[in-house]
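Trainee: I would like to learn how to read strands and side-chain contacts in a model. Please take me through one.

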Amino acid sequence: MEEFTVITPLWRWQSANAPAAWFFLTIAGDAADGIRLAAISGQWLDGRKGFGSARVAVIIGETSWKTSVFPHKESGGWILPVKAAVRKAEGLAEGDAVTVTVSL
């Protein structure tokens, strides 16, 4: 199992026509490269669906869950969606620096 830990800001994306917003963490640099290599070598990439996503286990604070990270063209890395239950449990708000561990 490969594990990558980064500190990155929580950011918000909202469509002009949608009332709900999505919150993400961007994983870039060496950690992103490591996730890409681990995903390819471990067959964790889902190329048939999910926009080239990679399945991961995630830990933020005391909260852990399984989800997927998605390729992020702007950074060359990955984006990790952070659901409301996790933000609430960990007291996270937009702009907070978040320590996140991603495992494949």
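Trainee: Which residue is the bridge partner of V58 in β7?

Mentor: This is a predicted model, so read each feature as part of a prediction. The partner of V58 is V102, in strand β7. That bridge belongs to the pairing of β4 with β7, residues 97–103, which is antiparallel and has three bridges.

Trainee: In what sense do β4 and β5 pair, and over how many bridges?

Mentor: Strand β4 covers residues 53–60 and strand β5 covers residues 63–72; they pair in the antiparallel sense over seven bridges. Across this pairing, R55 stands opposite S68 of β5. The two strands make a hairpin, with two residues between them. In the turn, G61 has a positive phi of about 60 degrees.

Trainee: How do side chains point along a strand?

Mentor: In a regular strand they alternate between the two faces of the sheet.

Trainee: Is F70 buried or partly exposed?

Mentor: Buried means under 20% relative accessible area. F70, a residue of strand β5, has 24%, so F70 is partly exposed. Sequence separation is another thing to read: F70 and A93 are 23 residues apart in sequence, and their C-alpha atoms are 21 Å apart in space.

Trainee: How many salt bridges are there?

Mentor: The cut-off is 4 Å between a side-chain nitrogen of Lys or Arg and a carboxyl oxygen of Asp or Glu. The count is one. D33 forms a salt bridge with R36, and their closest N and O atoms are 3.3 Å apart.

Trainee: Why are D33 and R36 separated by about one helical turn?

Mentor: Because they are three residues apart in helix α1, residues 29–42. D33 is partly exposed at 39% relative accessible area, and R36 is also partly exposed, at 30%.

Conventions
Residues numbered from 1 in each chain as written. Predicted model: local features only at pLDDT ≥ 70, side-chain atom pairs only at ≥ 80, totals over all residues. Heavy atoms only, no water. Pairing = 2+ DSSP bridges. Helix = DSSP H or I, 4+ residues; strand = E, 2+ residues; numbered from the N terminus. Buried < 20%, exposed > 50% of the residue type's maximum accessible area, 1.4 Å probe, protein only.
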